[in-house]
Amino acid sequence: MSASKSNSDKKIVYQEFGNDNSAATERPIQELPPQQQNLRIQATRTGRKGKTVTVITGFQAKPETLADLVKQLKTQCGTGGTVKDNTIEIQGEHKQKILEIVTKLGYKAKLSGG
């Protein structure tokens, strides 16, 4: 018998509410229209080994909406990017270009930082 057990070997001794449905306990994300969202755009290098990344924060949107937006930004900036914890990170310094793009889409955005 091995010393460590995997998750499939666990036996549930007591469970009050049927199956483990963690999706039911999550709070729904309120998706605001773009006009009501205040975004901050800043270029940063901290924690990225000297590489500059443009970070857009302040989103109140569903992950699907952010995924569509990051895809559009990556295409128009010609670089890579990702979504992390309701923020979008685009590789390189593209503050002005991203500001123009998101304001055309109807978002209220400001440049932040130096």
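These legends describe close-up views of one predicted model.

The model is predicted, so local features need pLDDT of at least 70 and side-chain atom pairs count only at pLDDT 80 or more, while totals for chains, interfaces and linings use all residues. Residues are numbered from 1 along each chain as its sequence is written, and side-chain values use heavy atoms, with hydrogens and water left out.

View 1. Helices (H or I, at least four residues) and strands (E, at least two) are DSSP runs, numbered from the N terminus. Along the sequence the elements follow α-β-β-α-β-β-α-β. The chain has 114 residues, and 25% of them count as buried. Buried means under 20% relative accessible area, exposed over 50%, and partly exposed in between, with a 1.4 Å probe and protein chains only. Among contacts with a separation of 6 or more, 51% come from residues 24 or more positions apart. A contact means heavy atoms within 4.5 Å.

**View 2. An open sheet is formed by 5 strands.** The strand order is E3-E4-E2-E1-E5, with mixed pairing. Two strands pair if DSSP finds at least two bridges between them. E3 and E5 stand at the edges with a single partner strand each, so one side of each has no neighbour in the sheet. On average, neighbouring strands are turned by 20° against each other, direction ignored. E1 and E5 run parallel and share 4 bridges. In this pairing, Arg40 stands opposite Lys110 in E5.

**View 3. E3 and E4 form a hairpin.** E3 spans residues 81-84 and E4 spans residues 87-91. These strands run antiparallel and are joined by 4 bridges. Gly81 faces Ile90 of E4 across the pairing. The hairpin has 2 residues between its strands, and Asp85 takes a positive phi near 50°.

**View 4. Helices H2 and H3 lie across strands of the sheet.** H2 lies across E2 (53-57), E3 and E4. H2 runs at about 20° to E4. H3 lies across E1, E2, E4 and E5, at about 165° to E1. Axes are lines fitted to C-alpha atoms, for helices over the stretch in contact, and angles run from 0 to 180 degrees between N-to-C directions.

**View 5. The largest nonpolar core has 18 residues.** A nonpolar core is a set of buried Ala, Val, Leu, Ile, Met, Phe, Trp, Tyr and Cys residues joined through side-chain atoms within 4.5 Å. The residues with the most contacts inside this core are Ile56, Phe59, Leu73, Ile88, Ile98 and Val102. Two or more residues each come from E1, H2 (63-77), E4 and H3 (95-104). H2 gives the most, with 5 residues. Beyond its neighbours within four places in sequence, Leu73 contacts Ile56, Ile88, Ile90, Ile98, Ile101 and Val102. In soluble globular proteins, nonpolar side chains tend to be buried together.

**View 6. The search of the whole structure finds 1 aromatic pair.** The ring centres of Phe59 and Tyr107 are 6.0 Å apart and their planes stand at 80°, so the pair is edge-to-face. Rings of Phe, Tyr and Trp (its six-membered ring) pair if their centres lie within 6.5 Å; planes under 30 degrees apart count as stacked, over 60 as edge-to-face and the rest as tilted. Phe59 lies in the loop between E2 and H2, and Tyr107 in the loop between H3 and E5. The pair links distant parts of the chain, 48 residues apart. Both residues are buried.

**View 7. Gln37 sits in the loop between H1 (22-25) and E1 (38-44).** Its relative accessibility is 2%, so Gln37 counts as buried. The side chain of Gln37 reaches the backbone oxygen of Leu32 at 2.7 Å. A polar atom of that side chain also lies 3.2 Å from the backbone nitrogen of Gln60. A polar contact is a pair of N or O atoms within 3.5 Å; within protein, one must be able to donate a hydrogen and the other to accept it, and residues adjacent in sequence count only if both atoms are side-chain atoms. Leaving aside neighbours within four places in sequence, the contacts of Gln37 include Phe59 and Tyr107.

**View 8. Leu111 lies in E5 (residues 108-111).** Leu111 has 39% relative accessibility and therefore counts as partly exposed. Not counting residues up to four places away in sequence, Leu111 touches Ile41, Lys95, Gln96 and Leu99. The C-alpha atoms of Leu111 and Leu99 are separated by 7.5 Å.
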